[in-house]
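Grab a pencil and work through these exercises one at a time. Try each task before you read its solution.

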Amino acid sequence: MSRAFSAAALAQLYSPDADDPLLLLLTITAPNDVPGADVLRFANGYTTRLTGLETDASITAYGVVSRGNDFIFLPMEVTFPQADDAAPRARITLHDITREAMPLVRAVTSAPSVLLELVLASAPDTVEMSVSGLSLSVISYSRDTISADLVADNLALEPFPSHTFVPANFPGLF
Amino acid sequence: MPTSINWPPGLPQLATVRGYSGSGGVNVARTPMDAGPAKLRTLGNRPDVLSIGFQMTTAQVATFETFVKTTLAGVRRFNFTHPRTGVSREVRVVPSRDGEYYKEEYIGPGLWQISLQIEVLP
């Protein structure tokens, strides 16, 4: 499946001296059953100081402001879903040194939903690529990192019709 | 929000020439190729690291120690006048790998040389 990148993004991807990085924006939406459920927004790079989030006692916050939302800089590694017929599956590792995401991970009882977006640092309001409909599963964490699978339900792989006339489901027929 | 923590007024405001050095640059990813020039990708601004030193009295060293250990808790940023530009910037103390924040050397009775590394936040 092709992606419709802008000319500026393609130029950055192919340039040997790329001065306008593509940044990954990660939006994690907590399930409704988590008390104080909120949306966590992270970026794998930074363009500015997020001074609105800083206090004297807090860490210094860097990140990206995209469409009015603050995405906090958090180093991460993402393996993107393959463009094939299998159910999309990616892997993400957050280097959560400052424990922004850890409370959510400990509180969830069902899978948080995830949105991945790529933007150019010079135009953070313009989304170059978006992968939605993902959810976090197989979450593991250590002192410094959180790793999880990013999975999407592939309805094409679900059985249809949902019920088959077999003895297990309809014993009266047999 | 800019920090309200300032370099203590009771400490020397100017670093000594002895031991001063600075560095600057840009955070980039440099990927060598099998042949030809390496590829470069900008990642963002990089903190400039300065090595600075101060001559302090014994009482000033105690003030400095309290500032680093209690006021900053080792992690907070504070306002500091850049030795070269003379402009106030937000900086942090850079610890060594084992959490050493500064070195002190004996100069003479009641006088100490304190050296540390700071990073000027972009």
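**Exercise 1. How much area is buried between chain B and chain A, and which residues of chain B lose the most?**

Step 1. Get the idea clear: buried area is the accessible area (1.4 Å probe) that two parts lose on being put together, summed over both. The size of an interface is often given this way.

Step 2. Read off the value: about 1600 Å² is buried between chain B and chain A, and carbon and sulfur atoms give 35% of that.

Step 3. Look at the chain B side. B:Met1, B:Arg41 and B:Arg77 lose the most area to chain A, together 35% of what that side buries.

Step 4. Now go by contacts, meaning heavy atoms within 4.5 Å. Here 21 residues of chain B are in contact with 20 residues of chain A.

Before you go on, a word on the ground rules. This is a predicted model, where local features need pLDDT of at least 70 and side-chain atom pairs count only at pLDDT 80 or more, while totals for chains, interfaces and linings use all residues. Residues are numbered from 1 along each chain as its sequence is written, chains are lettered from A and ligands numbered from 1 in the order in which they are written, and side-chain values use heavy atoms, with hydrogens and water left out.

**Exercise 2. Find the salt bridge between chain B and chain A; are its partners buried or exposed?**

Step 1. Side chains of opposite charge can pair when their charged atoms come close.

Step 2. Name the pair: the side chains of A:Arg49 and B:Glu90 meet at 2.4 Å, N to O.

Step 3. Check the burial, where buried means under 20% relative accessible area, exposed over 50%, and partly exposed in between (1.4 Å probe, protein chains only). A:Arg49 is buried because its relative accessible area is 16%, and B:Glu90 counts as buried because its relative accessibility is 12%.

Step 4. Widen the view. Salt bridges that share partners join A:Arg49, B:Arg77 and B:Glu90 into one network.

Step 5. Between chain B and chain A, seven residue pairs are in polar contact, both at pLDDT 80 or more.

Step 6. Ask where the chain B side comes from. Strands S3 (39–45) and S6 (88–93) of chain B each give two or more residues to the side that touches chain A, and S3(B) provides the largest share, seven residues.

**Exercise 3. What pattern does chain A follow, and which residues of its largest nonpolar core touch the most other members?**

Step 1. Count the elements: chain A has two helices and 11 strands. Both are DSSP runs numbered from the N terminus, helices (H or I) of at least four residues and strands (E) of at least two.

Step 2. Read along the sequence and you get α-β-β-β-β-β-β-β-β-α-β-β-β.

Step 3. Buried residues make up 37% of the 174 residues in chain A.

Step 4. Look for the core: a nonpolar core is a set of buried Ala, Val, Leu, Ile, Met, Phe, Trp, Tyr and Cys residues joined through side-chain atoms within 4.5 Å. The largest one has 27 residues, and A:Leu26, A:Ile28 and A:Leu94 touch the most other members. S10(A) gives the most to this core, with four residues.

**Exercise 4. Where is A:Thr93 found, and which side chain does it join in a polar contact?**

Step 1. A:Thr93 counts as buried because its relative accessible area is 16%.

Step 2. A polar contact of 3.4 Å joins the side chains of A:Thr93 and A:Ser147.

Step 3. Leaving out residues up to four places away in sequence, A:Thr93 also touches others, including A:Pro75, A:Met76 and A:Ile146.

How values were computed
Salt bridge = Lys/Arg side-chain N within 4 Å of Asp/Glu carboxyl O. Polar contact = N/O pair within 3.5 Å; in protein donor to acceptor, adjacent residues only side chain to side chain.
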